[in-house]
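Hi,

Here is the model I promised to pass on.

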Amino acid sequence: MSARAVVGIDLGTTHCALARAELDAEGAVAKKVELLQLVGPSSLERRDLLPSFLYFGTPNEGALPLPWDEERTFAVGEFARARGVEAPGRVIASAKSWLCHPGVDRRSGLLPQGAPEDIETISPVEASYRYLDHLSEAYAHAFPGESLGDQDIVLTVPASFDAAARDLTVEAALAAGLENLTLLEEPQAALYSWIASRHGTFRSDLRVGDVIVVIDVGGGTTDFSAIAVGEAEGSFELTRIAVGDHILLGGDNMDLALAHIARQKLVAAGKEIDRMQLAGLTYAARTAKERLLADPSLATAPIALAARGSQLVGGSLRADVTQEEIERTLIEGFFPVVAKSARPVSRARAGLTQLGLPYAQDPAVTRQLAGFLARQAGAGGQTGSMLHPTAILFNGGVMKSARLQKRLVDVLGTWMDEEGHPKPRVLEGADLDLGVAIGAAHYGLVRKGKGLRIRGGTARAYYVGIESAVPAVPGIEPPIVAMCVAPFGMEEGSAPTEFPEELGVVVGEPVRFRFFGSSVRREDTPGLQLESWKESEIEELPPIEITLPAVGRQEGDVVPIKLAASVTDVGTLLLEAVPTEPVKDDERWKIELSVRAEQPAE
Amino acid sequence: MTVPQAPPPDFVTRLWFAWACFFRVLFDGSFAGRAWAVRDAMPELEPARMPKQEPAPSKPKASETKQREREARVDEAKVREEGRTAGLNDGRSQGALSMLSLLQTEGRFVDFLQQDIASFDDQDVGAAARVVHEGCRKALRERVEIVPILADKEGTPVTLEPDFDAHAIKLTGNVRAESSAVKGTLRHKGWRAKAVKLPEPTKGHVHEVLYCAEVEL
């Protein structure tokens, strides 16, 4: 069945959203799809956003029914989010952050963290699959007779996702039956959404030579990308020139910071606050935060905390958050004015850390931004000690606040002044909640037609680590050479790049190679050998594994192979092993990007 | 004291009236006093008398009123026969219970009304009222779209055309039968529900559970 629509899916850390645009319709635009979900143990509502939470019910609770499945024993969405406060051991949250956590085996049953024995834990991949499955079911419910699996799907991922995390996202999508799939980076989706919202006037809003920095601060993560506006054959050409690291820092951190202030005040007044009440405070803090940020003339906003029991009066607590505290905690804490030379602070982790998510150690978004711009100096052919954006596109719920936007604009403006560059302007009119889903659906239309398309390609260059053949010395690791296997910005449909070096692989046995990525080395070509590099330039990724099946060969034989890299239609990196002496035509094997944590040497 | 019988308003109007009365009783002493007097004057509540969907457009004749009262008494007897749970499965009460459950879940509305608050000081009542106000306001805004009936500012003069909607605008003071436009002062701008979006119950939903009992392990 051919696709009737293109559907953009924003599979977010804290929320998912869906947008749909009809294909073959004159003047089609992408519109949000309301998502039916459980909002209470037995009530259903349609909401714009589906919270990315999964709750495992208990047997005596019975089914958590949906119109399309009355026997279901788990729930995805608002009810699951609410249960996350009440019964945290039974709820999965932030599955997406686990999906891109290189320190764990992402196909193993990790979630929920701290689950009781009666729950069969699931992997981050399966959790993502269940969110997508719910989206698919809610779509079919909203559009009877249509199946999401039949439509063209554009699924967004953070620009900072590495090749393995993208592969895992695709794996989850395929499991949910989404086969006509394309991946798109979230900041690019946000820009597509902005372009769509300008109804063709964007050509007068943008200039050739512009560098747009997309600042995306969501509930759980912060992500930066830079997109350059160029010109080719008389028309605009957009190129994504740089992506930042995945930073686990977002609005939830800010709400928590305010909740702790309120908690301290209540504790000082002799009240006791338990864990659930702190969660309630965090929720109430969000409302107070939004009010105080929206209206600077407001001196205080109350954070009210309901009593746990039915005796509401007498048991409810109230603490006021002042404008000064907002200023000190949120604005100065998360968006401080810093010099352009500032860098994110990273504390040395003390010894063995608990297995958990690698949260950002520096909560200052401005320092993270300075670090990003400095790391990406030279991107897009620029010169100077940092990247010089000329325009800013905001995305993510946190950036709805005009005051936080202004602070970032001011700080960035000061840096640009010092660099002798004009202050960047803000691209207005973006939808900060649904922009990514709408932009993804818009991109689906662009792919079919002639609209302006952002060129990007791989966000990193990739390297295989090969040990130098030197005599072993106890206690000293043999030196390693990193050989570039895929260059930065390799695009879908480009010819596979062959890696000139031959590697010997033993037939029938898995052989592992160390694997590296770099988001800053743009000039390295396949085959280039690096004997040394700065630690900040190249990061080690989980290793790749090659297993040659013993078909037509003797088990135990050493076969010389070359590596070839290409980008699939979906938008993922494909590494293949090509034997130099093939036993049949076009012999090649796909190399799995390992998603297991590297086991420490015994 | 006799209590005049008005045609029963629809559910949303009743919801609003209950809401408005709640805050007026709480904060307006004289209103509370008058309400109390009316309450005392009423012989007993008539729980079986279910409101009709459409309020009668004209005042019913005396014989009709009597007929209806007789019917009501019959209904009441039937309800008593069927036991306490009768009326809970009625479609209209399900909507009411669903809204009540939402107001409780998001704004602890039932907790507030069920508690005797006479002995608490205003600070405690205030802290609780904030919880109730913030949560109920959000719950209501998300489900019921409410607009004023008259857009003018309260306290300003307004002119009503002869064919004004008597169901939506009430005349008070020196009220006479008029065939031409009437002039008066807007005292309350009124509220009208434009759209209602209540959650859908799933199969097996128990309407009479407004809020689950909670046991922490």
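Below is what I found where the two chains meet.

First, the ground rules: this is a predicted model, where local features need pLDDT of at least 70, side-chain atom pairs count only at pLDDT 80 or more, and totals for chains, interfaces and linings use all residues. Residues are numbered from 1 along each chain as its sequence is written, chains are lettered from A and ligands numbered from 1 in the order in which they are written, and side-chain values use heavy atoms, with hydrogens and water left out.

On confidence (pLDDT is the predictor's own score for each residue, from 0 to 100), chain B averages 75, and 61% of the residues score at least 70. Residues 43-60 of chain B fall below 50, and this stretch has 24 contacts in the model beyond near neighbours in sequence; contact means heavy atoms within 4.5 Å.

Now the interface. Here 26 residues of chain B are in contact with 29 of chain A. Together the chains bury about 2400 Å², 51% of it on carbon and sulfur atoms; that is the accessible area (1.4 Å probe) lost on putting the two parts together, summed over both.

Four salt bridges cross between the chains, each a side-chain nitrogen of Lys or Arg within 4 Å of a carboxyl oxygen of Asp or Glu. One to look up is B:Arg143 with A:Glu45, whose closest N and O atoms are 2.8 Å apart.

Which parts of chain B supply at least two residues each to the side that touches chain A? They are helix H5 (109-114), helix H6 (122-143) and strand S5 (200-201); helices (H or I, at least four residues) and strands (E, at least two) are DSSP runs, numbered from the N terminus. H6(B) gives the most, with 11 residues.

Strands pair if DSSP finds at least two bridges between them. S5(A), residues 43-47, and S5(B) pair over two bridges, and B:Glu200 is the bridge partner of A:Leu44.

Cheers
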